Amino acid sequence: MQLTDRVNVLSESITIAVTALAQELRAQGKDVLSFSAGEPDFGTPRVIKDAAIAAIESDKTRYTAVDGIPELKRAVIEKLKRDNGLHYEMNQVIVNNGAKHSLFNLFSATVQEGDEVIIPAPYWVTYPELVKYCGGTPVEIMTDDASGFKITPQQLRNAITPKTKMLILTTPSNPTGAVYSKAELEGLAEVLKGTDIIVASDEMYEKLVYKGEFTSAASISDDMFKRTVTINGLSKSVAMTGWRFGYMASADAKMIKATKDLQSQSTSNINSITQYAAIKGLDGSADDEIEMMRQAFMARRDEAVERFNAIDGLSVLSPDGAFYLFVNIKEITEDSMTFCKRLLAEKEVAVVPGLGFGMDGYFRFSFATDIENIREGIARIADFVKTY
């Protein structure tokens, strides 16, 4: 069977591949500790599960509007107003099957053959793959530990060409946990003035910030509000990964309508039960559970950072958000793929090579798991490094 060029450019998600391999090895009886998945180890809050059960009992199992039930869209709008100071109308919001689906729809509606999309590196593995699928060209801006894994206004200015269609911003970042301050976002916004560049602002880890305050890119100025598409969801904040809920908001109602048309011909509405449950994840009902999880993640982060930085040859910055450590292994090797393969084979510890995030010489370690596993996993990594 002859496959299309657009699908042939895609690679399998390395994070999903590593997680699947770890699960296979466990099924074979191996004592594998996996730190590869970006998935909270907490259960979905009771108030959300109860809302889902009530929806099932009330037979809320029919097709819904493609872009979401009105009650849910209103909850998204109120959340953005309450938390981020952003004001949207009903025709400026759409709900999707997770934020990955939001991004797929956005890129499909806006990125054409030859368009350039600026992606700060390291980046979430899916960004460049979706850009290539849509015919665009990923343009990477490299960062490092010294910059806190954040791009500067000058780097952005240097990367812009007449072909630039979009800038992808992720704050807090996957895989580094970097969080852009309001001042840093203002600096980037100044560079974008006078251009038609779209900002795709992925804010999935918004609720997991450990230092300072979160600032939404669209809130910086009227100019940024008009050019920014805000992407968010509930997978990380209220542990709803498998429920598949994401949403997108933009001042450009025409673009939102285009993604709605695309969704109507592909997936149609998202799961109806998820929609009713998601309202409780957005309206503040689960805030106590969100704070409990944030505090637990912060305590794990602090201990994990201390333990990694005590290992000769390894170093890691303490992330300001999300639940990942991006561990520097350059003193040992630049080859993150070989390092991670051997670590899994010899010590049965699964982490994700930095190469998959566009930056070799690092690996990503998720601390979205219990502290005993974290301690044991880092101890195994320390033993591994001694004889590498």
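## Around Lys-49

Lys-49 touches Thr-44 and Trp-243, leaving out residues up to four places away in sequence. This picture comes from a predicted model. Lys-49 sits in helix H3, which covers residues 46-57. Its relative accessible area is 30%. Buried means under 20% and exposed means over 50%, so Lys-49 counts as partly exposed.

Met-204 is 155 residues from Lys-49 in sequence. In space, the two are 21 Å apart, C-alpha to C-alpha.

## Two packed helices

Two packed helices are described by the angle between their axes and the distance between the axes. Helix H12 spans residues 287-309, and helix H14 spans residues 371-386. They pack at about 15°, with axes 10 Å apart. Angles under 35 degrees count as roughly parallel, so H12 and H14 are roughly parallel to each other. The crossing of H12 past H14 is right-handed.

H12 brings Arg-300, Glu-303, Ala-304, Arg-307 and Phe-308 to the contact. H14 brings Ile-371, Ile-374, Arg-375, Ile-378 and Ile-381. By type, the residues of this contact are 6 nonpolar, 4 charged and no polar.

## Nonpolar cores

In soluble globular proteins, nonpolar side chains tend to be buried together. Here the largest nonpolar core has 76 residues. Phe-107, Phe-308, Phe-363 and Phe-365 have the most contacts inside it. A second, separate core has 29 residues, including Tyr-88, Val-93, Leu-234 and Tyr-247.

Take Phe-363 and set aside its neighbours within four places in sequence. Its contacts then include Phe-308, Phe-326, Phe-339, Pro-353 and Ile-381. Phe-308 and Ile-381 also take part in the contact of H12 with H14.

Methods:
Residues are numbered from 1 along each chain as its sequence is written. This is a predicted model: local features need pLDDT of at least 70, side-chain atom pairs count only at pLDDT 80 or more; totals for chains, interfaces and linings use all residues. Side-chain values use heavy atoms; hydrogens and water are left out. Axes are lines fitted to C-alpha atoms, for helices over the stretch in contact, and angles run from 0 to 180 degrees between N-to-C directions. Helices (H or I, at least four residues) and strands (E, at least two) are DSSP runs, numbered from the N terminus. Angles under 35 degrees count as roughly parallel, over 145 as roughly antiparallel, 65 to 115 as roughly perpendicular and the rest as oblique. A crossing is left-handed if the near helix is turned anticlockwise from the far one by less than a right angle, and right-handed if clockwise. Contact means heavy atoms within 4.5 Å. Ala, Val, Leu, Ile, Met, Phe, Trp, Tyr, Cys and Pro count as nonpolar, Asp, Glu, Lys and Arg as charged, and the others, Gly among them, as polar. A nonpolar core is a set of buried Ala, Val, Leu, Ile, Met, Phe, Trp, Tyr and Cys residues joined through side-chain atoms within 4.5 Å. Buried means under 20% relative accessible area, exposed over 50%, partly exposed in between (1.4 Å probe, protein chains only).
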